[in-house]
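Hello,

Here is the structure I said I would pass on. Please look through it first; my notes on what turned up follow below.

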Amino acid sequence: MPRPSRRDLLKTAGAAGGLVLAPPLRAAGGPTAIDNPRAIVPLARGWRFALGHAADPAKDFGFGTGHDTYGKSGDVGTPVAEAKFDDSGWQAVDLPHDWAVDLPFERFGAPGAEADHIGAFQGFKPLGRMWPATSVGWYRRAIPITAEDAGKRLSLEFDGVARNCLVILNGFVVGSNESAYAPFRIDITDFAKPGEENILVLRCDVSLGEAWSYEGAGLYRHVRLVKTAPTHIRQWGATVRCEVRTDGAIVRIETEIDNDGPAATARLRSRVTGPDGRIVAELLSDPLALPLWGRTSVAQEARLSDPALWSLDTPQLYGLASEIIIADVAVDRTVSRFGIRTIRFDPDHGFFLNGAPVKIKGTCNHQDHAGVGFAVPDSLHVWRLERLKAMGANAYRSTHHSPSPRDPRGVRRDGDSRDGRDPPDVEQHRSDEPARPDRPPRAQPSEHHPVEPRQRGNPPRHTDGGANRGDDEAPGLRTRRHTPRHRSVQRQVRRGRVARARRDGLQLLSRRDRSLSRCAPDDADDRHRNGQHRHDPRRI
């Protein structure tokens, strides 16, 4: 029987370790998957993986050998994309997956050199242009598209891929995404073959990085195949904003509808359910004349006389079921969650939630975790947040990337994106914030988490010491400015830690995980032999 890997042990830590996890999160009173006309097929299992090569096409399955990669329809220039390709020799993997965490540790430079410091930031994993043989990864699997799916709109949704990703279906390059820090969606309808075998291939290249910390490599978050009617609600297309008044609350709903097909007449039905699962409001729009390949937005409003307010101690969540009705038949449905509450910052007295003062006590968190790298399973996301709550934390800042779609109730979430704008998982979730037409459109998830205002973007690495703050900080939140002197002090501290680690025979995964990883350099590739160097997933 093969010895379980470090990732396997931590994936099952929630069950094996007797940890208390939050219950599955779902909107109360929402429709089940059985009666939902929208089909969402998780693509977590059944993948095959192999390393390619960033510098040698012959070792990269011939990709790029010819000059006509985009020249011939259905022939991207590599046998990997063909249905007859034999991938039985590839590694069988499940998602989430990070191939970097299983690579051997490597020196980036002489001890104490700047290159060695850079290697420490990346966990001493051989990724980048110095390591072409381990900086490209290929994923491959068949996806289930049946004959009954003809006429439907088909799309692939990726919660996060590290990093530069090329998506190939049936030999066609159907899309790409460069950043590892944001979800993306690709419509594959025109390239799918209903009722036949459909081969999905992804090529991920991490030769160039985005951060000064460990970034992982590969499909580190979930992937889904989504099947909808031609007339459907856009991904993250339902937005809820609430206003609390003395006589109740006003719930304002805005729903974006796409019609990727012939002209149609439809209605939008929105059902709001309370925390107890009972329907508290039902709204039906007037008939909507949707033109061929058109798009529309519908605004609706409901009044609740006695709303249950969301708070840290009682995280009451409402559910919103949005349905597209054509000829009295629901052809599409999405379910969202949202909270109703008031927030304000007072310059003299601090932050107030529902009129009561609250001290914001939170932590700054990277995506990766000891033992699994970037590929953090849902149960471990929940477990980490529950541990932070047990410590007394009531706020969570997701560093550099969009927060994980999975989180327990009762935790305030922040996030920062790599491009300095609001992270996709947070942008439209403040129920009291008016629309911002000055911001460019971008992807928005449908999870309306009841969060307060937060820092926007990532603190710049080079600043003028705070003389020109601009719009980088939200009111009431302070960001440490990384001045040249501050960075110099940080380097000295890091060098001291690295020196002490080498003196004690430690091998480091990342700055944040140094206290968790005790692997001797000469034993790094076999760190679980005879039960040695165990990583306790209950430690943060």
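**What was found**

Ser270 stands opposite Leu283, a residue of strand β14. That pair belongs to an antiparallel pairing in which 5 bridges link β13 (residues 264-273) with β14 (residues 279-284). The two strands form a hairpin with 5 residues between them, and Gly277 takes a positive phi near 95° there.

Before going further, please note that this is a predicted model. The average pLDDT of the protein chain is 76, and 69% of the residues reach at least 70. Two stretches should be read with that in mind. Over residues 1-34 the pLDDT stays under 50, and the model has 65 contacts beyond four places in sequence for this stretch. Residues 407-540 also have a pLDDT below 50, with 290 contacts in the model beyond near neighbours in sequence.

Next, the nonpolar cores. Which residues touch the most other members of the largest nonpolar core? They are Trp47, Trp99, Tyr139, Phe158, Val167, Ile188 and Leu202, out of 40 residues in that core. Seen by strand, at least two residues of this core come from each of β2 (47-51), β4 (136-143), β5 (153-158), β6 (164-169), β8 (184-187), β9 (198-205) and β10 (223-228). Another core, of 15 residues, lies apart from it; Cys242, Val272, Ala281 and Leu283 are among its members. As a general point, nonpolar side chains in soluble globular proteins tend to be buried together.

Strand β4 deserves a paragraph of its own. Is β4 largely enclosed or open, and why? Of its 8 residues, 7 are buried, so β4 is largely enclosed by the rest of the structure. β4 pairs with β2 in the antiparallel sense, through 4 bridges, and Arg48 stands opposite Arg140 of β4. β4 also runs antiparallel to β9, with 8 bridges between them. In that pairing Val136 stands opposite Asp205, which lies in β9.

Last, a helix. Which residues of α3 (residues 114-121) are buried? Asp116, His117, Gly119, Ala120 and Phe121 are. Just after α3 comes Gly123, with a positive phi of about 75°. Gly277, in the hairpin of β13 and β14, takes a positive phi as well.

Regards

How values were computed. Residues numbered from 1 in each chain as written. Predicted model: local features only at pLDDT ≥ 70, side-chain atom pairs only at ≥ 80, totals over all residues. Heavy atoms only, no water. pLDDT = per-residue confidence, 0-100. Contact = heavy atoms within 4.5 Å. Core = buried A, V, L, I, M, F, W, Y, C linked by side-chain atoms within 4.5 Å. Buried < 20%, exposed > 50% of the residue type's maximum accessible area, 1.4 Å probe, protein only. Pairing = 2+ DSSP bridges.
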